[in-house]
Amino acid sequence: DLNYFHSQTTFVVDEITTVIKEAVESTIGNSSYQHSKINQWMSGIVESSLSQLTKLGKPFKYIVTCIILQKNGAGLHTASSCFWDNSTDGSCTVRWENKTIYCIVSVFGLAI
Amino acid sequence: VSFMDAGANTYLIRPNYKDKFKAGAAKECIREILREQLYGVQYDPEEVPTLSRALADSIKHKLRDVGFDRYKLIVQVVVGEQRGEGVKMAARCFWDADTDSYAQDIFMNDSLFCVAAAFGVYYY
């Protein structure tokens, strides 16, 4: 039916947000900022997000970016500009934090 | 006898070598825009949202001007305050490595740092 078709061929923000939140929680859930673990955390978050996204089985190419920031009072801002097909492509950004870490994950999905 | 138009079999599903997303050229575009727009700029929390959006848009326009037909473009810009703290940014992509690519550049001055990444994804 048309709704199913629509959900399979367009970027569904809510679904993707849930996937990403789980990936971040499971990788850095209760951790405190530790410089030595950053590389491991970044790879973990990005890789598990990407594998969960591909498991959705939709005809999309994905780009996942992740920024991890120590909570130090400094300001940070991200912006993106995209040239794509508005009817099928989309992006979503998930901001996650705990007492010592900020984590920002952006996902861009482009329909094939 | 078969009748074939001159225009048959001309739809490309892979870019020619000269039409590929060139990471080097894209990096130059990014570098120029960052240098031009951030030279001497101080980190100002009121201005930064507008600034980062403007940077992303300028980079995207410049890349469109360079060419890269049949490519969908994604430009992500991160601007942060320089306070000596640790920041790390990573990206991973699920795409077609033959046709798709990315370019990035970093700009730093005393009060801010800026990371810009541009991804080019071929549209079949």
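## The layout of chain B

Chain B contains two helices and four strands (DSSP runs numbered from the N terminus: H or I of at least four residues for helices, E of at least two for strands). Their order along the sequence is α-α-β-β-β-β. The radius of gyration of chain B is 19 Å, well over the 14 Å from the globule rule for 124 residues, so chain B is more spread out than a compact globule. Here the radius is taken over C-alpha atoms, and the rule is 2.2 Å times the number of residues to the power 0.38. The C-alpha trace spans about 75 × 25 × 20 Å along its principal axes.

This is a predicted model, in which local features need pLDDT of at least 70 and side-chain atom pairs count only at pLDDT 80 or more, while totals for chains, interfaces and linings use all residues. Residues are numbered from 1 along each chain as its sequence is written, chains are lettered from A and ligands numbered from 1 in the order in which they are written, and side-chain values use heavy atoms, leaving out hydrogens and water.

Of the 124 residues in chain B, 43% are buried (buried is under 20% relative accessible area, exposed over 50%, partly exposed in between, with a 1.4 Å probe and protein chains only). Among contacts in chain B with a separation of 6 or more, 75% join residues 24 or more positions apart; a contact means heavy atoms within 4.5 Å.

## A visit to D96(B)

D96(B) sits in the loop between β2 (87-94) and β3 (101-108) of chain B. With a relative accessibility of 14%, D96(B) counts as buried. Leaving aside residues up to four places away in sequence, D96(B) touches K61(A), R14(B) and Y124(B).

With Y124(B), the side chains make a polar contact at 2.7 Å (a pair of N or O atoms within 3.5 Å; within protein, one must be able to donate a hydrogen and the other to accept it, and residues adjacent in sequence count only if both atoms are side-chain atoms).

Most residues other than glycine have a negative phi. F68(B), not a glycine, has a positive phi of about 50°, and R70(B), also not a glycine, has one of about 70°.

F68(B) lies in the loop between α2 (48-66) and β1 (71-81) of chain B, and R70(B) is in the loop between α2 and β1 too. Is each one buried or partly exposed? F68(B) is buried at 7% relative accessibility, whereas R70(B) is partly exposed at 29%.
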